[in-house]
Amino acid sequence: MSTYDTTRTALGGKHATRMLCDEVFRTLETYEPTSAATLSGLRSLRAPRGQSTTEVVVTGRANSGTSGLIEALNAINPHGPVVFREWDHDDDNGIMLPIVLMLFDAAGPIGSTELGELRRLNKSVDKVVFAITKTDMHLNWRQVRDRDAQLLAIHTPRFTGAEIHPVATPLVHAANDRRDADPHAAQALAESAGVDALHAAVLENIPAPGTDYVARNVLWGITAALQEAQATRQRIGRDIQNNPEINKLHRIRAELLRKRGVGRSDDLTAVRADIQRGRVELGHSINEWARTTAGLTRSEIDALDGAALGDYPARVRSLTRVGHEQNNSRTEKYVGTLFDKRSLPAPEKPAPDVAEREQSDDATPPQLIPKRGSEDYIFALVGASAGVGLGRLIFGPLSLMPTLDLLTIPLTLILGIVVALWMLRVRRHVTARGRLREWTAEQLAHARAHMERHTASHLVNAEQQLAAEISRIYDEKIADTDRQVAQIETQIRALTGQRDSELAVLTAEINDITAAVERSTQLLQGPRDRAEPEESS
């Protein structure tokens, strides 16, 4: 139980408002010394003593029928305990007023002028009665009244649910004019005017005699200052809770984690695709070289003759050597473009296959001249037979001449021998060409296989190096990302700890202020205090 509750219970409720003013003022002085200094002079104010009448001050928008309504209200009971008058400069902020009548105009909802007046009354006057005038002139006054009630609840929650009394002052004059001629009509007009109902509502809200209404007004002022302090701290608390620096660090951390390692699989997939493309393109180049070289060697072997056949294996070795060099150059160039495209250092060249190259260069040339065999004897016999037959045809007419008849036989034999030797030479030459073609095809096939094996080995080595370099780069990026994330998390923890400390202090202040506000509003909005005797000065 608070000091206020204990004291109020002990004193039976007397001077409760004044005591609560002192208590909540100390709270205000603790957290808002500037506002407390402004309100400190109001605590000494007291309600006037010995007044037989209570003044009800009427305020509202200009041209809202204030003077006519005041005249009508005062005419209800000219010598009663209540007198209505307009607000003047001597009323200052209204702290000394027991009750205020606030007028709205049915021509339209309340504006900034009325809202400013309402905020002033919210801070300085305990009892406020509301009325809307000119309801006889505007058929939509009910919609306007409902909108006014909504604006009251939004801008001054204290007045939420307050009744707004409809008033039509001209109907009072019309009722007075018909009072003698038609009393029933006059009474109906008077009820429609709503002035009597408004007068009764004001009387219900008049402070009881001896009530220290000024203390309640002062308490409303202190409570409003505390509510402003509470709202300010709540706004600051929301700003602290929604720390932009912490939110920015969280966004940076989330972005770093989102991008951590992203792209590794795509880059590795691209490397595999480039390697496969290289296999296809370089394989086509090797096949094209093989076809071109095979056609070239066939045409050159067909044109060779005699001893040139024995020198042609050197030509084949030269062609395969050039093919190897061209293929190596194409492969290295393609692999170099793969590394350059990724801005990576030049790859390591694979060790050349020297043994295989030497084996290819040292390949034993074929035995072009075949050994003598039955085929040679058969070709010699066929050639001799053909030569003898040809000699008989050529030298047959010479036998008609006796002197030359003896020469036909040796000439025919010589021609047969020459043809037999020529046939034997042609046969060996054809055999040599066939063997050279076979050897050349074998050498080209061997060179092609070596090129394909070398290209595949080079591409595999390049793929391994590219994958290793890409993995190394991404590992470094991930390590750097982890370092950045660790630094950001350290900053977040530091800022979060600072934020929590500030929020703890702010929450404690808000709790104290909220408790003071709740005690004040509980007294002010609860049942009206019993009459409290004035304190002695």
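Predicted model: local features only at pLDDT ≥ 70, side-chain atom pairs only at ≥ 80, totals over all residues.
**Entry 1**

I began with the strand order. Five strands make an open sheet, running S2-S1-S3-S4-S5, and the pairing is parallel. I then looked up the edges: strand S2 (82–86) and strand S5 (164–166) each pair on one side only. From one strand to the next, the twist averages 30°.

Strand S1 (residues 54–60) runs parallel to strand S3 (residues 99–105), and four bridges join them. Which residue in S3 is the bridge partner of Gly60? I found Leu103 there.

**Entry 2: helices on the sheet**

Next I checked what packs on the sheet. Helix H4 (residues 66–76) does, touching S1, S2, S3 and strand S4 (127–133). I noted its direction against that of S2: the angle is about 170°. Helix H9 (residues 195–205) packs on the sheet too, with contacts to S1, S2, S3, S4 and S5. The direction of H9 makes about 170° with that of S4.

I stayed with H9 and listed its buried residues: Val195, Leu198, His199, Ala201 and Val202. Why do they line one face of the helix? Looking down the axis of H9, I see the buried residues fall within an arc of 160°, so they line one face. As a reminder to myself, an α-helix has 3.6 residues a turn, so residues three or four places apart point the same way.

**Entry 3: the phenylalanines**

I turned to aromatic pairs, and the count comes to two. In the pair of Phe104 and Phe130, the ring centres are 5.7 Å apart and the planes are at 20°, so I put this pair down as stacked; the cut-off for that is under 30 degrees. Phe104 is in strand S3 and Phe130 in strand S4, 26 residues apart, so the pair links distant parts of the chain.

Are these two buried or exposed? Phe104 is buried, at a relative accessible area of 0%, and Phe130 is buried as well, at 1%.

Phe130 also pairs with Phe159, and here I wrote down edge-to-face: 5.1 Å centre to centre, with 75° between the planes. This pair again links distant parts of the chain, as Phe159 is in the loop between helix H6 (141–155) and S5, 29 residues from Phe130. Phe159 has 6% relative accessibility and counts as buried, because the cut-off is under 20%. Put together, Phe104, Phe130 and Phe159 make one aromatic cluster.

**Entry 4: charges over rings**

I looked for charged ends over aromatic rings. Arg158 has its charged end over the ring of Trp220, 3.7 Å from the ring centre. For Lys477, the charged end sits over the ring of Tyr474, 5.0 Å from its centre.

**Entry 5: Ala224**

Ala224 is buried, with a relative accessible area of 5%.

Key
Residues numbered from 1 in each chain as written. Heavy atoms only, no water. Pairing = 2+ DSSP bridges. Helix = DSSP H or I, 4+ residues; strand = E, 2+ residues; numbered from the N terminus. Axes fitted to C-alpha atoms, helices over the stretch in contact; angles between N-to-C directions. Contact = heavy atoms within 4.5 Å. Phe/Tyr/Trp six-rings, centres within 6.5 Å; stacked < 30°, edge-to-face > 60°. Buried < 20%, exposed > 50% of the residue type's maximum accessible area, 1.4 Å probe, protein only. Lys NZ or Arg CZ within 6 Å of the ring centre and 35° of its normal. Arc of directions from axis to C-beta.
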